[in-house]
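Hi,

Here is the structure I promised to pass on. Have a look at it first, then read my notes below.

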Amino acid sequence: MQATARAQPNIALVKYWGKQTGGNNEPAVSSLSITLDTLWTRTHVRFDPQLPSDEFTLNGARDPAQARRVINGLEMMRNLKGIDTKAAVESENNFPTGAGLASSASGFAALVTAVDAALELSLETARLSSLARRLSGSAARSLFGGFVELWSLRPGEQESAAKPLLDAEDWPLEVVVAVVSEEAKVIGSTRGMELSRETSEYYAQWLNSADYDMEVCRHAVMDRNFEGLAEISERSCLKMHAVALATQPGLIYWQGPTIECMHRIRQLRDGGTPVFFTVDAGPQVKAVCLPGHASAVAAELDAVPGVKRTLITGLGPGARVVQEG
Ligand code: 2P0
């Protein structure tokens, strides 16, 4: 009744921003992401009849903010098994939570994978992706490695799940994360998306153009067309921020150095370096580049005033059970 799993965070190139209103945390738009390599969450789950209630620690400390969603995940999967046994969940990130890397994505992907093994449910990866999506939309994508698609619900489907598009080894892009600020964001993604749906004048156009962006992006990936990928990824990112900026109150996730990094990356690309930017619901900038260019890009971004440090990673595998304790 115990197991350990590892999962990596992912970065969306076509962004998820907005949920459907029917519940179940169904995304209102499709998204396409890359799963990272050297950054991971490791989660150990132990079901124990002696435990009076579920327990959750992150990096050795209780984390009440995340515990609610962890317990929701345990409940969903206990129901599938038809048991009521409580669990102790110990989770550890090898990357800083303030680095703007979605730790909820790797965290909930690792959780459902570990619980599946501990309860011997043997669910398909697509089913685990769907369960992870209910806990956090981006977590659905970290069940798979490399390039991953998460299409919003199609007519006739009950639940959306991510699916793999291309393995990491087949196009081993590199990612440089420029850390600009480690302060917590004022309005988190979940609330931000809700406010955008309710108030942003650009929200309807955002929904209408999402499937087209997905098609353009998936073709760029399948063709290993870096120029095409750069163009659609930056466009999706900037459109998502336009929707956020037009929300009431305006959601300004960028700091000054965020914009400086975006300009620097465009200058580098104009100068022949194969690199593009993407920015999520926070100030950090992620620079995606062709293999062999990450060190030079990191040096450039480290030199931008206001950048605190950079992290370099490649693309990696999906969530999996590991033997270590
Ligand atoms: C993404 N983000 O596609 C987008 C881009 C942030 C900006 O997925 O409410 O933590 O838990 O489903 O997954 C962050 O949102 O939101 C996110 P919930 P989640 O990566």
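**What I found**

Helix α8 (residues 294-302) lies across β10, β11, β12 and β13, and runs at about 165° to β13. Before going on: this is a predicted model, where local features need pLDDT of at least 70, side-chain atom pairs count only at pLDDT 80 or more, and totals for chains, interfaces and linings use all residues. Residues are numbered from 1 along each chain as its sequence is written, and side-chain values use heavy atoms, with hydrogens and water left out.

Helices (H or I, at least four residues) and strands (E, at least two) are DSSP runs, numbered from the N terminus. Angles run from 0 to 180 degrees between N-to-C directions, with axes fitted to C-alpha atoms, for helices over the stretch in contact.

Now the sheet. Its 4 strands are ordered β11-β12-β10-β13, open and antiparallel; strands pair if DSSP finds at least two bridges between them. β11 (275-278) and β13 (309-313) are at the edges with a single partner strand each, so one side of each has no neighbour in the sheet. From one strand to the next, the twist averages 25°. Between β11 and β12 (residues 285-289) there are 4 bridges, and Phe276 sits opposite Val288 in β12. Helix α7 (residues 256-270) packs on the sheet too, touching β10 (174-179), β11 and β12; contact means heavy atoms within 4.5 Å.

Last one: is serine 142 buried or exposed? Serine 142 is buried, at 0% relative accessible area (buried is under 20%, exposed over 50%, partly exposed in between, with a 1.4 Å probe and protein chains only). Serine 142 lies in the loop between α3 (125-135) and β8 (147-150).

Cheers
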